[in-house]
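Me: I am new to this structure and should like to learn how to read its features. Please guide me through them in turn.

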Amino acid sequence: RESKTYDPVVVLGGMLQVDVQHRVGLPIFFEGQPNVAVIRGTWFTDKKGVYKPLSEDDAEIIEKEHTSEELRGKIDDKKSKTEILHKLESVGKQGSSFIAWYGKDEVWLNKKGFAMAVTEAVGGVFRRKKSGQLVRGTRLRRGWHTTAKASDCIPPVSHLVLVVHGIGQALSPGSVATRSFKLSNDSIKEMYEDSIDGKIEGRVEFLPVEWRTSLKLDDGVLDRITPPGISQIRRVSNSVVLDVLYYMSPVFQPEILASARSSMNRQYGKFIQRHPGFAKQARVSILAHSLGSVVAYEILDEARRSEKFKLDFDVENFFAIGSPLSLFWTMGGRVDSSSAILPETICKRMFNIYHRSDPVAYRWEPFILPRYSSIDPVEVSVRKSRSKVGSDGTDGGGTEVSSSFWTKVLGEPLTEKLFGKTSKEEVEVRLEKENSLPNEKKLARRYDYALEEGFIENAGQYLTAVTAHLTYWTSKETLRFVLDHTQ
């Protein structure tokens, strides 16, 4: 290989900067994440249309053989279904494979072993007894299956979402980065699926806000005072439960807020540096989970109280998922409940998205107006996700009862045992209560949005409670809801 100097190449929608010379990808926005190994792909395995590159060493050996005078002399324009026209031995780890040419474009990778011995014994042909099909191993392809075009580039970012993690980040560093990257990939798929002509004008990018891992907080005192024994349980307790205590401490809370605020501004700054055109019409939202929603809210609330705490960007939407925020409002003794909602100059919209079985999540609306304790939240489901929520927070079609499908399948008696007795009529009555309220006693818009429950979740609600607090990261309903308000 020639030694050349290459300019760094930015790939994966601007997420990874590749050092071509050293074959390594450097994460741009995912701090603390390992570098990614990069290889040049010239020969690929083809398994039902899925291409995977061979190692560069193997690919060079195969390429040299494929372009040799000896092979061209044997093959020329020949093509055989059964006879191996040319063979290259000892490829792969410890020479465990061989390459067989049945024609110029019929190149196959085979593993040595028993099947190889049988193949040799019958003159290079090995057939499955049942189907009678020729077994040739794994097909190889020279070069990628399509030629790249400028139009293949993913569309520019039209909305940036900063993802703020909750408790337990110190226990699994990097999880918020992994989740953010997955949200970005899944959002592109969702947007293309929803497009009419297979084209989208802009996309939503999710970037992680890491505020916990770098903090020492107690300067190692906690580790020194932790007794030995049941180490795993104590490790979980120290890394997860104590995050809440740290935040509630007047000593450590300012440090946590400063770390989160700095991380938000740093990620936004790096993003603007690489996407200078975005700053002209920047649209930025915050998606915050669990304790992270409390941290993010307090940062926005501080910006309301003092200019010196303002972020470097305006916030369009604040999405709280699995949020105990209203519990903190209550514990904090907030007297004016209406002030809990941030003014539009600080944040245009606020959403509280929760799973009904999540033991950490609490509603906002009954805190703001007690009457709403008897009014159901707006239900979020995949079926309704493409119907934009109006300014009044309605979903255009009223709230459905999640058990209605199972009522038809199982009958009402069994369904009531599994789902309880919340009938469609009861929900309609609750909705009528809201509709019948005088305007001065109604919320200007809705804030609480509950994810639709399914059959399994209702049948085993206590088991579901264990995992419900993390379900938002894999919930298609949550992703679609966010996309509805950021596209």
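Me: Are Tyr 246 and Phe 252 buried or exposed?

Reply: Buried means under 20% relative accessible area, exposed over 50%, and partly exposed in between, with a 1.4 Å probe and protein chains only. Tyr 246 is buried, and Phe 252 is buried as well. This is a predicted model, in which local features need pLDDT of at least 70 and side-chain atom pairs count only at pLDDT 80 or more, while totals for chains, interfaces and linings use all residues. Residues are numbered from 1 along each chain as its sequence is written, and side-chain values use heavy atoms, with hydrogens and water left out.

Me: What kind of aromatic pair do Tyr 246 and Phe 252 form?

Reply: Rings of Phe, Tyr and Trp (its six-membered ring) pair if their centres lie within 6.5 Å; planes under 30 degrees apart count as stacked, over 60 as edge-to-face and the rest as tilted. By this rule there are 18 aromatic pairs. The pair of Tyr 246 and Phe 252 is edge-to-face, at 5.1 Å centre to centre and with 90° between the planes.

Me: Why is the pair of Phe 351 and Phe 481 edge-to-face?

Reply: The planes of Phe 351 and Phe 481 stand at 85° with ring centres 5.4 Å apart, so this pair is edge-to-face. Helices (H or I, at least four residues) and strands (E, at least two) are DSSP runs, numbered from the N terminus. Since Phe 351 belongs to strand β15 (residues 347–355) and Phe 481 to helix α16 (residues 476–484), the pair ties together parts that are 130 residues apart in sequence. Phe 351 is buried, with a relative accessible area of 0%, and Phe 481 counts as buried at 4% relative accessibility.

Me: Which residues do ring pairs link into a cluster?

Reply: The cluster linked by ring pairs consists of Tyr 297, Phe 318, Trp 329, Trp 364 and Phe 367.

Me: How should the span of helix α7 be read?

Reply: The expected span of a helix is 1.5 Å times one less than its number of residues. Helix α7 (residues 253–274) has 22 residues and should span 32 Å; its end C-alpha atoms are 32 Å apart, which agrees. The buried residues of α7 include Ile 256, Leu 257, Met 264 and Gln 267.

Me: What is Leu 162 in contact with, leaving aside its neighbours within four places in sequence?

Reply: Contact means heavy atoms within 4.5 Å. Among the contacts of Leu 162 beyond those neighbours are Met 264, Gln 267, Leu 207 and Phe 313. Leu 162 lies in strand β11 (residues 157–164) and is buried, with a relative accessible area of 0%.

Me: Where is Asp 301 found, and which side chain does a polar contact join to that of Asp 301?

Reply: A polar contact is a pair of N or O atoms within 3.5 Å; within protein, one must be able to donate a hydrogen and the other to accept it, and residues adjacent in sequence count only if both atoms are side-chain atoms. Asp 301 is in helix α8 (residues 291–305), and a polar contact of 2.5 Å joins its side chain to that of Arg 304. Asp 301 is buried, with a relative accessible area of 4%.

Me: What is the mean pLDDT of the protein chain?

Reply: The predictor's confidence in each residue is its pLDDT, from 0 to 100. The protein chain has a mean pLDDT of 79, and 75% of its residues reach 70 or more. Confidence is lowest in helix α11 (residues 404–410), at a mean of 41, and highest in strand β14 (residues 315–321), at 98.
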